[in-house]
Amino acid sequence: MKVLASAPAKIILFGEHSVVYGKPAIAAAIDLRTYVWAEVNSDGKIRIEAKDIKVPGLTVSFSDREIYFETDYGKAAEVLSYVREAINLVMDEAGQRKGVTVSITSQIPVGAGLGSSAAVAVATIGAVSGLLGLELSREEVAKLGHRVELLVQGASSGIDPTVSAVGGFLYYENGNFEGLPTMELPIVVGYTGSSGSTKELVAKVRKSLEEMPDIVSPIIDSMGKIVEKAREVILADYDRSLKFELLGRLMNINHGLLDALGVSTKSLSDLVYASREAGALGAKITGAGGGGCMYALAPGRQSEVATAIKIAGGMPMITKISREGLRIEVVEK
Ligand code: MEV
């Protein structure tokens with residue numbers, strides 16, 4: 001038997017980092033997916049084949065006769081540890097241990113802040129549970145995905161696996177979530193091409209909170225209030241242009257606070273300012289920062305903002321919200 005499952009990437013619209021401290025956050029699944037095939041094998045081992053996991057930093061160099069490839073194996077190994085923990089947890093839940101071969105292809109760049117690790121964990125949980133006949137609801141998959149993140153990263157709010165498992169547009173707080181009405185969001189995601197480690201960035205924020213609680217704690221509280229205000233705006237009966245204008249302003253404040261926490265980089269801020277100058281109503285980091293991605297809200301100006309991101313050295317992606325979270329694509333008997 002063979003099962004193919006897929007799970008989407010996500011963007012955090014508001015509330016990354018503060019969500020780790022129990023504040024709410026708003027996030028959406030987007031239309032980039034990770035695909036995982038799982039199959040029982042006869043040698044009793046767990047085998048993971050990373051067919052294409054979009055690890056950044058592939059360098060190709062040429063000498064007279066030879067071509068050298070270098071890649072960031074550290075990043076690849078990190079992704080594979082999410083897969084290994086996901087397989088182990090599903091086998092524990094199912095009370096069965098078998099040799100399984102898991103094969104991964106992904107459209108989501110690793111370490112870009114788009115939830116590639118959560119998507120690979122969620123798709124693996126979906127494929128392996130399907131293979132072992134373990135029926136799990138989307139919420140149960142999200143909870144297992146959160147446990148995988150805690151095992152690998154040490155700290156995690158659980159927002160990434162929840163959005164990846166459930167899909168759509170969500171308001172998240174302390175493991176609970178509420179679906180927000182899907183609105184068309186004219187956004188452009190800008191990828192710096194470099195990646196940050198969520199584990200290290202979360203640890204960096206925790207360290208400054210511990211060292212300077214009087215200063216950092218109000219920043220985190222303020223980020224929580226931004227999220228509540230954004231939810232109010234999304235649910236309000238305002239016309240679209242007022243909603244976008246208010247959300248853009250909240251994004252800009254949220255970016256400033258993330259910068260104050262030390263998770264921005266020059267290349268992220270370059271893309272943020274280039275987007276604003278090209279007419280975006282708001283632009284901010286999305287995800288853990290330290291490289292990775294930003295996003296801009298740019299109604300009617302998406303192609304200008306995409307061009308500005310490219311000129312500023314980034315890779316623009318015009319994406320849509322994906323309503324579907326974990327999807328079982330194929331079951332071959
Ligand atoms: C990572 O996508 C979001 C963070 O808030 C970490 C987490 O919520 O687990 C930085």
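**Close-up 1. Ala119 in its helix.** With a relative accessibility of 0%, Ala119 counts as buried (buried means under 20% relative accessible area, exposed over 50%, and partly exposed in between, with a 1.4 Å probe and protein chains only). Ala119 sits in helix α2 (helices, H or I of at least four residues, and strands, E of at least two, are DSSP runs numbered from the N terminus). Leaving aside residues up to four places away in sequence, Ala119 touches Ala7, Pro8, Thr34, Ile108 and Ser164 (contact means heavy atoms within 4.5 Å). A note for all views: this is a predicted model, in which local features need pLDDT of at least 70 and side-chain atom pairs count only at pLDDT 80 or more, while totals for chains, interfaces and linings use all residues. Residues are numbered from 1 along each chain as its sequence is written, and side-chain values use heavy atoms, with hydrogens and water left out.

**Close-up 2. Pro109 and the annotated binding site.** An unreviewed UniProt entry annotates a "binding site" whose residues include Pro109, Gly111, Gly113, Ser116 and Ala119; such annotations may be inferred rather than shown by experiment. Pro109 itself is found in the loop between β6 (100-106) and α2 (116-132). At 11% relative accessibility, Pro109 is buried. Beyond residues up to four places away in sequence, Pro109 touches Lys54, Leu114, Ser116 and Tyr191.

**Close-up 3. Helices α5 and α6.** Helix α5 (residues 198-211) packs against helix α6 (residues 213-235) at an angle of about 125 degrees, and their axes are 6 Å apart. The two helices are therefore oblique to each other. From α5, the contact uses Val205, Ser208, Leu209, Glu210 and Glu211, and from α6 it uses Pro213, Val216, Ser217 and Ile220.

**Close-up 4. Two loop residues with positive phi.** His17 has phi near 70 degrees, a positive value in a residue other than glycine, and lies in the loop between β1 (2-14) and β2 (25-40). Asn174, in the loop between β7 (169-173) and β8 (176-179), has phi near 50 degrees, again positive in a residue other than glycine. His17 is buried at 5% relative accessibility, whereas Asn174 is exposed, with a relative accessible area of 58%.

Conventions
Axes are lines fitted to C-alpha atoms, for helices over the stretch in contact, and angles run from 0 to 180 degrees between N-to-C directions. Angles under 35 degrees count as roughly parallel, over 145 as roughly antiparallel, 65 to 115 as roughly perpendicular and the rest as oblique.
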